[in-house]
Amino acid sequence: MKIFKEIFGRIWAIWGLIFFMPLLPVIALLVGISFYLPEPYGMKLFRGSTGFYMTIFLYAIGSPLRINGRENHKKGTNYVVVCNHSSMMDVPAMTPFFPGPNKTIAKKSMSKIPLFGVIYTRGSVLVDRGSDASRRKSIDDMKKVLLNEKLDMVIYPEGTRNRTGKPLKDFYEGAFRLAIDCQKDIIPVVLLYTATVLPPEKRFFLWPHRIEMHLLPPVSFEGKTGTELKEEVYRIMWDFIEAKRAKKQ
């Protein structure tokens, strides 16, 4: 059974790659055009084209996305969004489908990938983690996203993909200080089964499985330190993931 899964997962990855590539130049072109449109029209074109693309792709690979808790995102309000991170599938599942228009903090190196880099850059605040100057600039850029562009700012506070087997890795405090500085509430988001679809420990492997996005109720920043806010959100997300695991068993 294990050998069958390993073989099928790699065959399925070939199918995913074959399906992914042909539409990529068209979507990259549309996203490229979105850079030159005034807002909110540029962001609408970006979200519309990437959402259309990813919807087709996720169904094609047998991994449709189910979103729960949309009512927790109040229309006309933007948030700092913190999400668990366990797979390379997390960002493409989040960016086009999250209820509010958003940008994601993301590695600058990924923006250099041909065609894909155009899409990646449009939806991101880019940071070179090896550069102190880049990290400082990214904080200013994220504040502009929240305060000037009025978009949601999506941050993965674990920093890197969780390979521990635990519900979450320890959180960095940056997202929570940002929420306090900008006076924005936090929406915790839990993505489930992205690591089943695209496991972080396997190379060139894809497995069909539904993906779930759960928007949890907003957490207020008021009257809290960054550490207190971080610990509160961490516990909420940990408990939710544990409850889901227990229910599945």
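This is a predicted model: local features need pLDDT of at least 70, side-chain atom pairs count only at pLDDT 80 or more; totals for chains, interfaces and linings use all residues.
Residues are numbered from 1 along each chain as its sequence is written, and side-chain values use heavy atoms, with hydrogens and water left out.

**Salt bridges**

- Twelve salt bridges turn up, each one a side-chain nitrogen of Lys or Arg within 4 Å of a carboxyl oxygen of Asp or Glu.
- Arg66 pairs up with Glu212 through a salt bridge between their side chains, at 3.6 Å from N to O. Arg66 belongs to strand β1 (residues 65-68) and Glu212 to strand β7 (residues 211-215), so this pair ties together parts that are 146 residues apart in sequence. Helices (H or I, at least four residues) and strands (E, at least two) are DSSP runs, numbered from the N terminus.
- Lys103 and Glu149 make another salt bridge, with their side chains at 3.4 Å, N to O. Lys103 sits in strand β3 (residues 102-107) and Glu149 in the loop between α5 and β5 (152-155), so the pair ties together parts that are 46 residues apart in sequence.
- Here Lys103 is buried at 13% relative accessibility, whereas Glu149 is partly exposed, at 38% relative accessible area.
- Lys224 and Glu232 also meet through their side chains, at 2.8 Å from N to O. Lys224 counts as partly exposed at 24% relative accessible area, and Glu232 is partly exposed too, at 32% relative accessibility.
- Glu6, Arg10 and Lys202 are linked in a network of salt bridges.

- A nonpolar patch on the surface is formed by Ile14, Trp15, Leu17, Ile18, Met21 and Phe204, which together have about 570 Å² of accessible area.
- Patches are built from residues with over 30% relative accessible area and no salt bridge; like charges are joined within 9 Å, and nonpolar side chains (Val, Leu, Ile, Met, Phe, Trp, Tyr) within 5 Å. The areas come from the Shrake-Rupley method with a 1.4 Å probe, and for residues only the protein chains shown count as cover.
- Ile14, one of the patch residues, lies in helix α1 (residues 2-34) and is partly exposed at 43% relative accessibility.
- Ile27 is found in helix α1 as well, but Ile27 is buried, with a relative accessible area of 4%.

- A pocket, on a 1 Å grid over the protein atoms alone, is an open set of points where a 1.4 Å probe fits, with protein on both sides within 12 Å along at least five of seven lines; lining residues have an atom within 4 Å of a point.
- The lining has 21 residues, with Ser86, Leu192, Tyr193, Ala195 and Arg245 nearest the centre of the pocket.
- β6 (186-192), α7 (194-197) and α8 (226-248) each supply at least two lining residues, and α8 gives the largest share, four residues.

**Loops and backbone**

- The peptide bond from Glu39 to Pro40 is cis, with omega near 10°, and Pro40 lies in the loop between α1 and α2 (41-60).
- Leu115 is a residue other than glycine with a positive phi, near 65°. Leu115 sits in the loop between β3 and α4 (116-122) and is partly exposed, with 37% relative accessible area.
- Lys150 likewise has a positive phi, near 60°. Lys150 is in the loop between α5 and β5 and counts as exposed at 53% relative accessibility.
- Arg129, in the loop between β4 (124-127) and α5 (132-147), is partly exposed at 44% relative accessibility.

Definitions and conventions. Buried means under 20% relative accessible area, exposed over 50%, partly exposed in between (1.4 Å probe, protein chains only).
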